[in-house]
Structure formats: structure tokens, C-alpha cells
Amino acid sequence: MTHPTNLIGKTALVQGGSRGIGAAIVKRLVEQGAAVAFTFVSSEAKARELQDSITAAGGKALAIQADSANAEDIRDAVAETVKTFGGLDILVNNAGVLAIAPLDEFTLEDFDRTLAINVRSVFIASQEAARHMKEGGRIINIGSTNADRMPFAGGGVYAMSKSALVGLTKGLARDLGPRGITVNNVQPGPVDTDMNPADGEFAETLMGLMAIPRYGKSEEIAAMVAYLAGPEAGYVTGASLTIDGGFGA
Ligand SMILES: NC(=O)c1ccc[n+]([C@@H]2O[C@H](COP(=O)([O-])OP(=O)(O)OC[C@H]3O[C@@H](n4cnc5c(N)ncnc54)[C@H](OP(=O)(O)O)[C@@H]3O)[C@@H](O)[C@H]2O)c1
């Protein structure tokens with residue numbers, strides 16, 4: 001399928017772009033013409049492979065090792081993106097972790113790590129990126145349908161982290177709206193990735209909860225992100241847009 005090339009001349013940074021939904025977002029933004037930097041923390045080989053495949057095909061990509069739990073790493077990643085590509089128009093905050101455990105066993109380390117990566121990194125990257133963005137800038141967060149519905153025990157902290165993004169998105173939209181920069185939150189349902197494999201232990205139960213009983217594809221999430229990143233979405237801001245096969249219906 002060919003996509004519109006409406007992001008030619010734009011530059012993007014995707015936090016957590018080496019695998020899964022993030023990698024699909026990187027590829028989609030490149031296909032639409034953007035120069036795309038993306039971070040990873042541990043999957044160096046996958047990140048390099050993605051960068052190399054994009055550059056070999058004539059696109060512009062830059063893999064940056066940066067831990068989203070570390071404020072300096074995030075700020076450095078923004079600076080490197082701006083230095084390499086000459087600006088920053090689109091920020092996608094995709095890096096996320098999922099910790100599930102019975103209440104009695106849920107550790108404070110997992111609590112703090114979940115908030116640091118799923119929430120605090122979104123604030124830090126948005127604050128830093130906004131300093132470089134011009135009118136037409138885009139910030140897109142990857143939340144979860146679990147912000148609205150958490151049908152299992154043990155997922156409270158993850159659900160809380162994604163609910164936090166709903167409010168953060170609204171507040172940042174107010175901060176940046178007067179400058180013509182939009183801020184939105186994409187809330188996927190079950191998507192087949194390392195985090196939530198379609199043949200994993202939760203799959204059957206999850207599919208029983210959906211109106212469309214299948215896992216989503218990373219590319220389907222990337223398509224919604226691409227719409228929000230594009231020029232036609234200039235009047236969408238502060239919104240949480242759910243794409244979950246009817247998980248929350
Ligand atoms: N899959 C689902 O069903 C689903 C549903 C709703 C929402 N989501 C959300 O969608 C986003 C992507 O999920 P996914 O399923 O694609 O997950 P995934 O397959 O586990 O991939 C996670 C990505 O985030 C990066 N990342 C994780 N921790 C990081 C850190 N500390 N610093 C920098 N990068 C980090 C990973 O980098 P490395 O490769 O270096 O580890 C990887 O690129 C997450 O925010 C997740 O909560 C997923």
C-alpha cells in the first residue's frame with residue numbers, strides 16, 4: 001500500500017522505536033517522508049537493523065540509545081535529533097513497560113519504573129521537544145485502552161500510568177495550543193508485540209472481550225499516529241483516541 005507523502009521536510013523523534021508498535025511508527029513516518037530519529041534502551045541490534053534498512057532504501061533514520069527512565073538521556077536524544085535533522089516537528093512518546101503482579105507481590109521498584117517510563121518520560125520529552133517545535137508541531141503519546149478498562153487483577157499500576165496520560169495530554173494541549181502545536185493520546189487495545197504476543201497466555205481471554213476478536217497489528221496503530229502527525233489533523237488536540245477492536249465497547 002502506498003501512503004501520502006505529506007510529511008516530507010518534517011523531522012520526528014519516536015521514544016522507544018526499536019520494536020513493536022514503535023518500530024511500525026518509525027517506518028510509517030519515514031514512508032510518508034519524515035526524517036525519523038528513534039530511541040531504544042536494550043535492543044541495539046534491532047535498532048541498528050531498522051536504521052540500516054531505512055537508510056538503504058533512501059530514507060532518513062537515526063537510532064539513539066537513550067533510557068526513557070533517565071531525564072538526561074531523553075534531553076540528549078532530543079538535542080541529537082535537532083542537531084542531526086535540523087529541527088523537530090513530531091514527537092511520539094511510545095516507550096512503555098508492562099508489569100503485572102498480584103497486589104501482595106507488586107514491588108515499589110516496578111511501581112516507580114512504570115511511572116518513570118510510561119509517564120515521567122512523556123513529560124520530560126514533551127517539555128524538551130516543545131522548546132524546538134514551531135507552529136504545526138505534533139506530540140503524540142501512546143497510552144492504552146487500559147486507561148478506561150482494566151479487566152484483570154494485577155494491572156492497576158499499568159492502568160494508572162496510562163490514565164495519567166489522558167490528563168497529561170489534556171494539560172499539554174492547553175500549554176501548547178496557543179502555539180499551534182497539538183498533543184494527543186492514542187490508546188491501543190491488544191496489539192501483537194513482544195509485550196503482548198497474540199499467542200501469549202492472555203490472548204484467548206482478551207479476544208473474548210473484543211467486538212472484533214483478533215489482535216491488532218502495529219501497522220494499524222501507526223496509521224492512526226500518522227494521521228495525527230499529518231497536516232489534516234491540525235484541529236485535533238487534547239484527545240484520547242482509542243483503537244482497540246471494541247475492547248472497551
Ligand atoms: N502491545 C499492546 O497490546 C499494547 C496495548 C496498548 C498499549 N501499548 C503501549 O504501546 C507502547 C509500545 O508497546 P509494544 O507492545 O510495542 O511494546 P514492546 O514490544 O515491549 O516494545 C517496547 C519499545 O519501547 C522501548 N522501551 C522500553 N523501555 C524503554 C526505556 N526505558 N527507554 C527507551 N526505550 C524503551 C523498547 O526498546 P528496547 O527494544 O531497547 O527494549 C521497545 O522499542 C507502550 O507504551 C505500550 O504500553 C501496547
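Q: What does the side chain of tyrosine 158 have by the ligand?
A: In this predicted model, a polar side-chain atom of tyrosine 158 is 2.6 Å from an oxygen atom of the ligand.

Q: And how much of the ligand does the protein cover?
A: The ligand on its own has 900 Å² of accessible area, and the protein covers 96% of that.

Q: How many residues surround the ligand, then?
A: There are 31 residues around the ligand. The closest are Ser18, Ser42, Ser43, Tyr158 and Thr193.

Q: What's the make-up of that shell by class?
A: The shell has 14 polar, 13 nonpolar and four charged residues.

Q: Where do helices 1 and 5 come in?
A: Helix 1 covers residues 20–31 and helix 5 covers 156–176. Each of the two gives the ligand shell at least two residues.

Q: Which pocket is the ligand in?
A: The ligand takes up the space of the largest pocket.

Q: Changing topic: how many salt bridges are there?
A: The count comes to six. One of them joins the side chains of glutamate 44 and arginine 48, with 3.3 Å from N to O.

Q: Where do glutamate 44 and arginine 48 lie?
A: Both are in helix 2, which runs over residues 44–56. Glutamate 44 and arginine 48 are four residues apart, about one turn of the helix.

Definitions and conventions. Residues numbered from 1 in each chain as written. Predicted model: local features only at pLDDT ≥ 70, side-chain atom pairs only at ≥ 80, totals over all residues. Heavy atoms only, no water. Near = heavy atom within 4 Å. Polar contact = N/O pair within 3.5 Å; in protein donor to acceptor, adjacent residues only side chain to side chain. Areas by Shrake-Rupley, 256 points an atom, 1.4 Å probe, with all protein chains shown as cover. 1 Å grid on protein atoms, 1.4 Å probe; cavity = no way out; pocket = protein on both sides within 12 Å on 5 of 7 lines; lining within 4 Å. Sits in = over half its atoms within 2 Å of the grid points. Nonpolar A, V, L, I, M, F, W, Y, C, P; charged D, E, K, R; others polar. Salt bridge = Lys/Arg side-chain N within 4 Å of Asp/Glu carboxyl O.
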